[in-house]
Amino acid sequence: MLSNEQLEKEFQAKIDAEIKIEPKDWMPDAYRKTLIRQISQHAHSEVVGMLPEGNWITRAPSLRSKVILLAKVQDEAGHGLYLYSAAETLGVDREELIEELHTGKAKYSSIFNYPTLTWADIGAIGWLVDGAAIANQVMLCRTSYGPYARAMVRICKEESFHQRQGYEIMMKMAQGTPEQRQMAQDALNRWWWPSLMMFGPPDDKSIHTAQSLKWKIKRQTNDELRQEFIDKTVKQAEFIGLTIPDPDLKWNEERQHYDYGPINWEEFYQVINGNGPCNRQRMRDRIKAHEEGAWVREAAIAYAEKKQAKKNAA
Amino acid sequence: MNIQEALLEYCLRLGDNSLIIGHRMSEWCGHGPILEQDIALINIALDHIGQARNWLTLAGEIEGKGRTEDDFAYKRDAHQFRNLLITEQPNGNWGDTLMRGFLFDTFNFYLHQILQHSKHEGIAAIAEKSLKEINYHVKYSSEWVIRLGDGTEVSHQKMQDALDNLWMFTGEMFEADEVDQLLLEESIGADLQQIKEAWNDHVREVIDEATLKIPESNWFQKGGKQGRHTEYLGYILAEMQFLPRAYPDAVW
């Protein structure tokens, strides 16, 4: 028998050699726990994220845009499924994870606690929220846990498509009538800062970062990813004539990056802890869907059992 | 009424059926009983909206006045919509939605099966393309009606209620009017009597397997095909058409 210490050493050696960890491999408990937390949080985010976008499906302004949005939200549901499956390879089941979401024990991306107020918000979500998600997810395609990395590869392909669609909505609106332009700018104003918060707290305040980097669950820090996102997005905003709502935003020749103003971390922690504009509404909707669906799930099981019993009797 | 007018009406009926039931299905998005079924229902909603786009585009071509799919979807009022009343009925619970789907899908399936051989090329082409999707819709909704009808006591009762509530909207599907007559004579449209028999067989078979009972009433509501709707359609349109109505000059 190898001691835990030896096992851990071998485990770290594998990670250092870029060998993926697979479900049946030995792994430290804390690694397993971190992954379950992160993957399920990610799955919950996909599912809760269906709500703010779903809010505009019935009001999409053209049939083409309705189809695109429906297909997009369907993709999010699909991502939720892959991710729940990836989490299940770590020995938890989906029911448990959903229970944790509904009781508030598990978190989901805080960004979905903001409301979608106009059609431009659908553009802003695609462009900024999916954009920020992609920065994070591209990194996760190389994460050390095999099933998670493979789920992310599929997800990334679809997300970059979503981002282009979101940007297209913003572009059309930014170049449209004065009212559309105003909606587009307003959406950018409201979604910009919450999007930057999506990368998580600054590196010196992030409790998980150091260990996650060592295990190669994460491969870049929150601040690095945030900077990459800002640098890319500023140019995209300029291209369509929208203004990033940050008076301190300025190109820094020496750093070769944009400097940006202070992020309101107080708001971030308030929203995470349940005080965002839509936290209660989102959870109410999820719990309601789950509870109202209980009779359907029960009936489906009862029917399957009846069928099986008949088959056995025959 | 000439053939061109009848054709336009016919395409609007097909397009509006798909558009309105697709819209109803899309209201479920994110609220289904389990993630897999959320995905399945969005899929069906997508099929319907896709079919609606084809039919409404064809309607515009037949009319020849430059109206687009969006002009038809977003710039007509309720009395100009030609969908069957059953398609605009509210989602209710999951069972109500699946029962509504089942009763309509069965009709829609037999209708498209005939229309794929229509003498009108445009109609035949859309029908043939849609039929594959509708085939899946009937299979899906039939299975759910059976599963829930023969599931638990609770689900059985909910499905019987759903059937009782929706039954009065089924008769309209087979009511032929001048449009149907004219296009049937031209071998363009479908024979609704023929569909009625096939519909009856499939519906009775499934309802029977689901251990449910067909309501005895033979009094049916009608008017959707002629633009006389239930109270629900006005609200669907108020929501659906809001942006193009509020900002008529905008391109989205």
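These legends accompany several close-up views of a predicted model.

**View 1. How confident is the predictor in this complex?** Let's start with the overall scores. The complex as a whole receives an ipTM of 0.96 and a pTM of 0.95 from the predictor. For chain B, the mean pLDDT is 98, and 100% of the residues of chain B reach 70 or more.

**View 2. Helix 4 of chain A packs with helix 2 of chain B.** Here we look at residues 63-88 of chain A and residues 35-63 of chain B. The axes of these two helices lie 10 Å apart, at an angle of about 160 degrees. Angles over 145 degrees count as roughly antiparallel, so that is how helix 4 of chain A and helix 2 of chain B are described. The crossing between them is left-handed.

**View 3. Residues where helix 4 of chain A meets helix 2 of chain B.** On the chain A side, look for residues including A:Leu63, A:Val67, A:Leu70, A:Gln74, A:Leu81 and A:Tyr84. Their counterparts in chain B include B:Leu35, B:Ile39, B:Ile42, B:Leu46, B:Ile49 and B:Leu56.

**View 4. B:Arg24 and its surroundings.** Now turn to helix 1 of chain B, spanning residues 3-26, where you will find B:Arg24. Is B:Arg24 buried or exposed? Its relative accessibility is 7%, so B:Arg24 counts as buried, the cut-off being under 20%. Beyond its neighbours within four places in sequence, B:Arg24 is in contact with B:Thr87, B:Glu88, B:Gln89, B:Pro90 and B:Asn91, as well as with B:Arg100, B:Tyr232 and B:Ile236.

Note on methods. Residues are numbered from 1 along each chain as its sequence is written. Chains are lettered from A and ligands numbered from 1 in the order in which they are written. This is a predicted model: local features need pLDDT of at least 70, side-chain atom pairs count only at pLDDT 80 or more; totals for chains, interfaces and linings use all residues. Side-chain values use heavy atoms; hydrogens and water are left out. Helices (H or I, at least four residues) and strands (E, at least two) are DSSP runs, numbered from the N terminus. Buried means under 20% relative accessible area, exposed over 50%, partly exposed in between (1.4 Å probe, protein chains only). Contact means heavy atoms within 4.5 Å. Axes are lines fitted to C-alpha atoms, for helices over the stretch in contact, and angles run from 0 to 180 degrees between N-to-C directions. Angles under 35 degrees count as roughly parallel, over 145 as roughly antiparallel, 65 to 115 as roughly perpendicular and the rest as oblique. A crossing is left-handed if the near helix is turned anticlockwise from the far one by less than a right angle, and right-handed if clockwise. pLDDT is the predictor's confidence in each residue, from 0 to 100.
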